[in-house]
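Hi,

Here is the structure I promised to pass on. Have a look at it first, and then read on for what turned up.

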Amino acid sequence: MTDDLLQLANHVLDRAQAGEDVEAYAASEVTTRIDVRDGDVDTLASAATRGVGVRVVRDGRQGYAYTSDVSEDALVDALRSARANADVATPDEANGLPDPAGAPVLEGLVADVFADVPVEERIDLALAMEEAARAADGRVRGLETAQYQDAHRRVALVSTRGLSLTQERTDAWAYVNVLAGDGDESQTGIGLTLGRGPAELDVEAAGSEGALRATRLLGARKPTSRRRAVVFDPWVTAQFLGVLGTALSADAVLKGRSLFADRIGDEVGADDLTLLDDGLRPGAPGTAPWDGEGVPQERTVLIEDGALASYLHTTWTARRAGGGARSTGNAARAGFQSSPGLSP
């Protein structure tokens, strides 16, 4: 199903010139969004996008351009624009495309019969989630949001370095933002469910979770200042991990914006703390065989038994860092409209 995208990407590559490296990232996506309110559909939207991003590296200068028009003339124009952008870019010896490496074969990234699920069933999921939230507790006054979304993405990536890769995935998620009250007091809470396809979503549990998170805050108050052991809610833990993920990125380290800079081997946590960035974990939302520039994703140990073990790298940060650093497969793209960045 990705042959058409490979053809588009190779159409760009065929026009590469001597002395330059060219990368073409072709992607297509079909998305669905459903918002419900008070038992009725409030918003129903479906969109299909397709386009190609082109990266050119020449003499240490890098340029990027993209097009959502995939005609021959538009692809040629995108390549020409990427070259023009490279011409005015600042030279950087760390710029460059990765060499091919064997990416793992991952199963389960595409839900069975994803495209065959009728829109009525997707609407029913959103309505069932809203109903579950309202029925969970009498103190639920309403829902600020009750939304279902899904996406079917296909990608092809080729380069003059020898990369020729394709990837396909489906994702579905639904969430509620519940409003609960008691007297003059109001609180909100979010419930979330996600999976590869609609059949994997537990919308009743998400609705109930949103209601629980809202109602359990009713009557809450700040404690007096004192030293206490604290048990964090998993969502709070996730927020901490988000901060740590940024601080453990080599990009932040190289820019002097990380508390972990130049601390490899130092004790940075409790001796029973081990933190991993696992791009291959089955069922996880970030799981993929390769990252946004074609480097295989992997299981990276960041903190091991309390000691700082490594940082997250892209091809650029690894070359900039030197000292034998290599990409950990953490290059990320928002789509064909952007060049690779770094993300956990």
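Let me begin at L192, which counts as partly exposed because its relative accessibility is 39%; buried here means under 20% relative accessible area, exposed over 50%, and partly exposed in between, with a 1.4 Å probe and protein chains only. Please keep in mind that this is a predicted model, in which local features need pLDDT of at least 70 and side-chain atom pairs count only at pLDDT 80 or more, while totals for chains, interfaces and linings use all residues. Residues are numbered from 1 along each chain as its sequence is written, and side-chain values use heavy atoms, with hydrogens and water left out.

**The surface patch**

L192 sits in strand β6 (strands, E, are DSSP runs of at least two residues, and helices, H or I, of at least four, numbered from the N terminus). Together with I190, L194 and W235, L192 makes a nonpolar surface patch of about 330 Å². Patches are made of residues with over 30% relative accessible area and no salt bridge, with like charges joined within 9 Å and nonpolar side chains (Val, Leu, Ile, Met, Phe, Trp, Tyr) within 5 Å; the areas come from the Shrake-Rupley method with a 1.4 Å probe, and for residues only the protein chains shown count as cover. Strand β6, residues 185–195, gives the largest share of the patch, three residues.

**The cores**

Which residues touch the most other members of the largest nonpolar core? They are L143, Y148, V178 and V203, in a core of 23 residues. Such a core is a set of buried Ala, Val, Leu, Ile, Met, Phe, Trp, Tyr and Cys residues joined through side-chain atoms within 4.5 Å. At least two residues each come from β1 (21–37), α3 (119–136), β4 (140–159), β5 (164–182) and α4 (203–215), and α3 gives the most, with six. Another core, of 20 residues, lies apart from this one, and its members include L5, L75, A78 and A156.

**A buried arginine**

R55 belongs to strand β2 (residues 40–58) and is buried, with a relative accessible area of 4%. The R55 side chain makes a polar contact with the side chain of Q62 at 3.4 Å (a pair of N or O atoms within 3.5 Å; within protein, one must be able to donate a hydrogen and the other to accept it, and residues adjacent in sequence count only if both atoms are side-chain atoms).

**Salt bridges**

Side chains of opposite charge can pair when their charged atoms come close. The whole structure holds 28 salt bridges, each a side-chain nitrogen of Lys or Arg within 4 Å of a carboxyl oxygen of Asp or Glu.

- R50 pairs with D4, with their closest N and O atoms 3.6 Å apart. This links distant parts of the chain, as R50 is in strand β2 and D4 in helix α1 (residues 3–13), 46 residues apart.
- R80 and D77 meet at 2.4 Å, N to O. Both lie in helix α2 (residues 72–87), three residues apart, about one turn of the helix.
- D99 and R161 have their closest N and O atoms 2.7 Å apart. D99 is in the loop between α2 and α3 and R161 in the loop between β4 and β5, so the pair ties together parts 62 residues apart in sequence.

Best wishes
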